[in-house]
Amino acid sequence: MVEMRYVSFFFFCTLCITMMVAQPARSNQPLKRLEGMTIECSLLDSEGFWWYGGKGSGLCRYDGYEIESFRSNRQHPNLLRSNDLLCMVEHKGNAEIWFGTKEGAYILSKKDYSIRPVFLKSEQEANELANKRISCMMEAADGSVWMTYRNQLLHFSAKAELIERFATTWEGKNRSVLSFCFDADSALWTRLWNGGAIRWKKSDGRWQMENRLQNDYPTELPALLTAEQQKLFLDSVMRKQAIGSDTTILSWVAQSDGSVYIGTYHALYFYDGKQVKLLHGSLDKVRSMAYSKKSQSLYLLSKACGICQWKDKKLKVLLDSTDFRQLQLQGDTALLLMKGVTGVKMLNLRTMQLTPDTTTANVHAVVTAYTLDGEKFIMPYGEHILTLPKGIEQVELSLSTFDFDHVSQVQFAYRLNDDSEWIELPEGEHVIKFAHLPSGESQLQVRATDAYGRWSAPITALTLVRPVAWYEKIWLWVLLVVTGLIGLICFIRFIRPKEPKKEGLSPQLLSVADQEFLDKAVAAVSTHMIDSDYSVDALASDLCMSRANLHRKMRAITGQTPTDFIRNQRLERAAHFLRTTSHTVNEIANLVGFSYASYFTKCFKEKFGVLPKDFVK
């Protein structure tokens, strides 16, 4: 049995470790949704958000941490006729995202994140674009938008009004548009399916077909957006080229002409767009690199050699130090991140002198979304004031610097107004949570770090406005206090009856009948002193009178209610026990009919002015 218990414990620990190791990194959680997805179009807008779409995805927005989707689903069944996106473009002047689907074109307003279809009236008074496959879309320099479906080339104004339309034909046959672009002469080129291109030129305020070309116009390769995509591409290139067993990429630098310097565990390579060439084969772990156009040099960081310069096919060691982990060029200096993130230092490439870096991080933190009592909303474009509805208690604000490659390393700090202390969030956390915001206006100040751990300058990211509740208004409390004082004065002067204080009256002031009544009441309470359930009804029954008559007579003789009379008799007996016995306070409380010692202590102090334990001291 003992061995089986140890075996079970071993398997349990193994299972826990496996589950922990299998958990994906926090920063990659949103990107899990992209696995297996066919992305047809994407763009990086002027704010820094990455917009993308593909088959079944609808329109999606990614800020580095969270993905917001705009698509038809159970909650919004009629938002889009089709969730398959084919093209998109940002209209910067209107703060809009225009996008085309397999069934129509739409416009998303970043001011309120509403979506409306692009309406083109047909002969049947319906939307001509409602079921059309919008294959291409582009914004012109004048703010107008071009889009196509089948062989129709449509030109819309910034207000989504049709300006003009053309039919693309080739040798008498309709040809669908594959893509289009403007050249240096502001002419519009439309490339057609099955080959051929048409050039359009604007003359006298109207676009006209200028000529047709048999050959396609030159096209550029799409730019890779993130470092993850670049690494996937380079990994495939290295595997196809079969560069021995040293194909694990540690760092790379892409050039404007499409060439790439690649650093691996043991070597430095160069990819010219077609073939991978070995530059240097005796480098140990090329951790980081950067290329300087000014000096036509590649600076790299190697574990074995330190800081090196590759120029004219020669490797030169600049600084023999292995304490650094990252390198970034800044003018004539190399920016280095020290081992263990102990600080950032600058290496002057002219003097080879290391100095502490005091440069402020060039990052900008923004609020991308907010959550009120569990319901999430997207922050509108250009909005810097958030007015909270009445009754809202829980507020969460989502932040981002749009540094897609280092989201797990970015750290945020915030404070409300200038006189409060900075609160730092853990690395990778991007949500600020407030339980109870102060009333009125509060200025949310935010700062963030870059990949090297440098803090940015603080900015006022948002003005939070929490309306003052009715019970928090000063004039209301002033009115309540004044009203209470007036009521108290009226009660004292006009309403409260002036009764003589009869508590503790001397026997000679009482009649014989009243004295007999009082003696019977004292005797009845004394008899049931230990009974905590002895009540006013029981006392009235023992004195053979009704509860109302007991209350009236007891108040007239002693100035006390029957409840106060019974309590005072118990407290007098307790004082007697404290003077004459050695019982504890708890024991005396039980002897005089108090169920709880705390309540007995409270009543005793109210009557005698001291605690029971200090009564005889």
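User: Why is Lys 376 called partly exposed?

Analyst: In this predicted model, Lys 376 has a relative accessibility of 39%.

User: What makes the contact of Lys 376 with Glu 66 a salt bridge?

Analyst: The N to O distance between the side chains of Lys 376 and Glu 66 is 2.5 Å. The criterion asks for a Lys or Arg nitrogen within 4 Å of a carboxyl oxygen of Asp or Glu, and the pair therefore qualifies as a salt bridge. Lys 376 belongs to strand 32 (residues 375–378), while Glu 66 is in the loop between strand 3 (58–62) and strand 4 (67–70), so parts 310 residues apart in sequence are tied together.

User: Is Glu 66 buried or exposed, and how do you know?

Analyst: The relative accessible area of Glu 66 is 17%. Buried means under 20%, so Glu 66 is buried.

User: How do you know that Glu 128 and Arg 165 form a salt bridge, and where do they lie?

Analyst: Their side chains meet at 2.7 Å, N to O, and the limit is 4 Å. Glu 128 is in the loop between strand 8 and strand 9 (134–139), and Arg 165 is in strand 12 (residues 162–167), 37 residues apart. Glu 128, at 14% relative accessible area, is buried, whereas Arg 165, at 34%, is partly exposed.

User: Why are strand 9 and strand 12 called edge strands?

Analyst: The open antiparallel sheet has the order 9-10-11-12. Strand 9 and strand 12 each pair on one side only.

User: What makes Lys 110 and Asp 45 a salt bridge, and are they buried or exposed?

Analyst: The closest N and O atoms of Lys 110 and Asp 45 are 3.2 Å apart, and the limit is 4 Å. The two residues, 65 apart, lie in distant parts of the chain. Lys 110 has a relative accessible area of 0% and Asp 45 one of 6%. The threshold is under 20%, so Lys 110 is buried, and Asp 45 is buried as well.

User: How many salt bridges does the rule give?

Analyst: The count is 14.

Definitions and conventions. Residues numbered from 1 in each chain as written. Predicted model: local features only at pLDDT ≥ 70, side-chain atom pairs only at ≥ 80, totals over all residues. Heavy atoms only, no water. Helix = DSSP H or I, 4+ residues; strand = E, 2+ residues; numbered from the N terminus. Buried < 20%, exposed > 50% of the residue type's maximum accessible area, 1.4 Å probe, protein only. Pairing = 2+ DSSP bridges.
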